[in-house]
Amino acid sequence: MSGAVAILAETWRFFARHYLVVLAFGALASAQRFLSVSGTADWAGGAGGEIFTAVARIAFVAWAAATLLRGTTWQDAGARWSAWNTRNWPTVLATMGLLALFLVVFKVIPDALAGRVGGIDRETWLAWELAIKNVTVIPFTMLWMTMLLAVRPLTSDVPAGERVS
């Protein structure tokens, strides 16, 4: 579990240090989601709005990966990735457990409470929920998974016995 917590902490530091960039990318998806769900702008809904948000998210992950992997040696990257995941499968499982816990805390519980708050219709709640999550929880999770699936495996030292000759 300590490896999973270390990756979570490392992600948090990166997220906080680069929050203006996170906010810029997240604001694009946030605006599209808010306008679409609230019914404020027809252009934001449908395929066009979804493509816009997908492109913003892909660009964000590409920026994050490029930033986090700057200076990475790509020789034997596949072997290093495989070796790290073979050695650290408990960390991967613990991270997935933490992700499931966070899903309950940041999605299931707020949705359950939303039904109990008087005076707020479902569309308004959902519009605000998505607007807030697109600049907080969603980009953080994307960074966290990038850190787990690419950064740690490709930048960690591989023991000599696991190196591919």
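The model is predicted, so local features need pLDDT of at least 70 and side-chain atom pairs count only at pLDDT 80 or more, whereas totals for chains, interfaces and linings use all residues. Residues are numbered from 1 along each chain as its sequence is written, and side-chain values use heavy atoms, with hydrogens and water left out.

**View 1. Ile109 and a nonpolar surface patch.** Ile109 is placed in helix H5 (residues 89-114) and is partly exposed at a relative accessible area of 42% (buried is under 20%, exposed over 50%, partly exposed in between; 1.4 Å probe, protein chains only). Ile109 belongs to a nonpolar patch whose members include Leu101, Phe106 and Leu113, with about 670 Å² of accessible area together (Shrake-Rupley method, 1.4 Å probe, only the protein chains shown counting as cover for residues). Patches join residues with over 30% relative accessible area and no salt bridge, like charges within 9 Å and nonpolar side chains (Val, Leu, Ile, Met, Phe, Trp, Tyr) within 5 Å.

**View 2. The salt bridge of Glu10 and Arg152.** Their side chains meet at 2.7 Å, N to O (a salt bridge has a side-chain nitrogen of Lys or Arg within 4 Å of a carboxyl oxygen of Asp or Glu). Glu10 in helix H1 (residues 2-17) and Arg152 in helix H7 (residues 137-155) are 142 residues apart.

**View 3. The network of Lys107, Glu129 and Lys133.** Glu129, buried at 8% relative accessible area, pairs with Lys107 at 3.6 Å between the closest N and O atoms. Glu129 also meets Lys133 at 2.8 Å, N to O.

Notes. Helix = DSSP H or I, 4+ residues; strand = E, 2+ residues; numbered from the N terminus.
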